[in-house]
Amino acid sequence: MKLKDTIQFLDEKIPKNLAIKSDKIGFQGNYDLNQDINSIKIFMDLYPKYDNYPKKTLIITHHPPLFKPKTPTYTIHSNWDIIDGGSNEALANNLNLEVTDIFDKATGIGRICKCNYKFKLLKENILSKYTNPRIVNKLDDNKIIKNVGIISGFGLKNPKYVNLANKNNLDILISGDLTQETAILAKNLNITLIDLGHHESEVNGLYGLKKIVDELKIECEIINILPIEKL
């Protein structure tokens with residue numbers, strides 16, 4: 001399949017116009033659109049040492065690379081976060097939560113989910129699937145959790161989202177990238193935050209993205225590299 005046809009398919013499935021305006025989505029260089037593609041590699045983040053695939057390979061990244069790749073590279077970022085069925089739905093499914101609404105209606109970022117069971121069950125599910133979750137404002141195991149906010153990736157570094165979760169009377173906000181500032185804000189507001197990690201809260205979305213790519217009947221592989229490791 002030609003590169004241009006591959007990208008046309010992806011753009012139809014995950015429209016670029018859904019992305020936040022400042023987001024560096026799409027091609028990460030100038031590439032020959034008429035070249036053949038017979039292999040696709042999906043990365044959360046691309047590193048220079050992996051930019052050495054043979055010809056006819058397309059790299060899809062979730063985050064825009066911090067360098068100019070030689071291998072044809074195409075980024076699907078906030079449009080995948082925002083689209084219905086994208087990274088936030090993948091996170092909700094992994095947490096056994098039912099999506100009921102958009103978290104930030106101004107941007108389409110995040111989801112509000114229905115829970116309606118004890119915190120103990122949610123906690124056990126998280127601990128069984130995530131290696132290093134952190135919490136601000138622990139809850140009683142027997143507390144019934146009704147409404148949970150989720151944002152795949154970066155949500156806990158933005159005070160705006162902590163305030164919005166409080167305004168929406170959510171029991172918990174789950175995301176990644178917790179900071180000292182947002183932890184203190186949550187303490188002041190008495191709202192519970194759970195930090196799964198940026199990469200960890202988004203990685204399920206890569207597998208959802210692969211399901212779409214697999215419709216092309218091209219060899220496709222996810223390269224899952226954790227940027228942060230335990231000491």
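A pocket is an open set of points on a 1 Å grid over the protein atoms alone, where a 1.4 Å probe fits, with protein on both sides within 12 Å along at least five of seven lines; lining residues have an atom within 4 Å of a point. The model you see is predicted: local features need pLDDT of at least 70, side-chain atom pairs count only at pLDDT 80 or more, and totals for chains, interfaces and linings use all residues. Residues are numbered from 1 along each chain as its sequence is written, and side-chain values use heavy atoms, with hydrogens and water left out.

**Exercise 1.** Describe the second largest pocket and find where it lies.

*Solution.* Next, look at the lining of 14 residues; His 63, His 77, Phe 154, Lys 157 and His 198 lie nearest the centre. Finally, domain 1 (3-81 + 203-223) and domain 2 (87-200) both contribute lining residues, so this pocket lies between them. These domain bounds come from an automatic or database domain assignment.

**Exercise 2.** Now turn to the largest pocket and describe its space and lining.

*Solution.* First, its space is about 450 Å³. Then find the 17 lining residues, with Leu 196, Gly 197, His 198, Glu 200 and Ile 228 closest to the centre. Last, helix H7 (residues 198-213) gives the largest share of this lining, three residues; helices are DSSP runs (H or I, at least four residues), numbered from the N terminus.

Terms used. Points joined across faces, edges and corners; volume = space filled by probe spheres on them. Helix = DSSP H or I, 4+ residues; strand = E, 2+ residues; numbered from the N terminus.
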